[in-house]
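Reader: I am new to this structure. Please show me how to read its features.

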Amino acid sequence: MLTFWVAARFFDRELIVNPHVLIPRPETELIVECALAWIRAHGRQSDPTLRLVDVGTGSGAIAIALAGQLPRARILATDISAAALRVAQLNGRDLPNVRYVQCDLLSGIGGRFDVICANLPYIATAELDVLEVAKFEPAIALDGGSDGLALIRRLLAQAPSRMAKPGLLLLEIGADQGKAARAAAQAVFGRMAQVSVRKDLAGLDRVLYVSL
Ligand SMILES: C[S@@+](CC[C@H](N)C(=O)[O-])C[C@H]1O[C@@H](n2cnc3c(N)ncnc32)[C@H](O)[C@@H]1O
């Protein structure tokens with residue numbers, strides 16, 4: 001267990017982390033890059049009505065990176081963990097366009113979002129016993145249920161009624177979850193959306209990409 005605060009680099013910022021949050025990973029920057037590319041392609045980088053949510057924000061990594069690039073957008077950073085949200089708030093203290101909300105996925109927050117991002121826990125419960133990082137990172141940030149996709153499936157079920165049109169949903173997944181995650185998204189969205197899986201710099205499946 002980390003018993004102290006340490007610094008971690010994510011996208012263009014230095015964040016602080018403590019034992020209540022995941023240490024942000026470089027591969028998660030792909031979510032930020034996909035979101036920014038989609039927003040720019042829609043010409044909305046300066047749009048003050050642009051509404052984004054980072055579900056399971058942890059240290060605030062994704063929300064804060066996006067807020068730095070999109071100072072006019074309204075960004076919600078949510079987490080089920082109050083302790084994690086305190087870390088995120090500290091990391092984002094210079095960013096007035098981020099609001100922090102404690103809730104379970106999208107329950108308890110209203111409205112539709114142009115972009116929904118999430119790096120939720122996606123490790124299968126049985127793998128946690130042999131996972132080195134599980135010794136010092138919180139289980140609530142890692143444990144994705146029996147096949148690792150439990151939270152991702154729950155968020156997919158909530159997403160269609162919470163996305164604007166056009167809208168984008170970006171979910172980080174494990175390298176071996178691309179096929180199952182794509183099938184889960186297609187089962188929820190049917191023909192309503194384009195569903196694909198984006199690869200990270202190592203060529204591994206990393207982000208489930210759903211656009212309406
Ligand atoms: C893998 S960590 C990712 C943290 C951060 N987004 C990042 O990329 O570094 C997952 C986060 O999801 C949060 N979480 C777990 N279950 C949740 C739920 N049901 N609703 C909202 N957040 C949840 C955890 O507390 C944790 O902060």
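Reader: Which residues come nearest to the ligand?

Author: First, a caution. This is a predicted model: local features need pLDDT of at least 70, side-chain atom pairs count only at pLDDT 80 or more, and totals for chains, interfaces and linings use all residues. Numbering starts from 1 along each chain as its sequence is written. A residue is near a molecule if its C-beta atom, placed from the backbone, lies within 6 Å of it. Around the ligand there are 24 residues, and G56, G58, I80, N119 and A141 come nearest.

Reader: How do the residues of that shell divide?

Author: Sort them by class. Ala, Val, Leu, Ile, Met, Phe, Trp, Tyr, Cys and Pro count as nonpolar; Asp, Glu, Lys and Arg as charged; the others, Gly among them, as polar. The shell has 14 nonpolar, eight polar and two charged residues.

Reader: At what angle do α1 and α2 pack?

Author: Helices are DSSP runs (H or I, at least four residues), numbered from the N terminus. Axes are lines fitted to C-alpha atoms over the stretch in contact, and angles run from 0 to 180 degrees between N-to-C directions. Helix α1 (residues 29-41) and helix α2 (residues 61-69) pack at about 35 degrees, their axes 10 Å apart.

Reader: Which residues of α1 and α2 meet?

Author: Contact needs C-beta atoms, placed from the backbone, within 7 Å. From α1 come I31, V32, A35 and L36; from α2, I62, A65, L66 and Q69. By class, seven are nonpolar, one is polar and none is charged.

Reader: What is I152 in contact with, beyond four places in sequence?

Author: I152 is in contact with L120, Y122, L171, I173, A181 and A184.

Definitions and conventions: Helices (H or I, at least four residues) and strands (E, at least two) are DSSP runs, numbered from the N terminus. Two residues are in contact if their C-beta atoms, placed from the backbone, lie within 7 Å.
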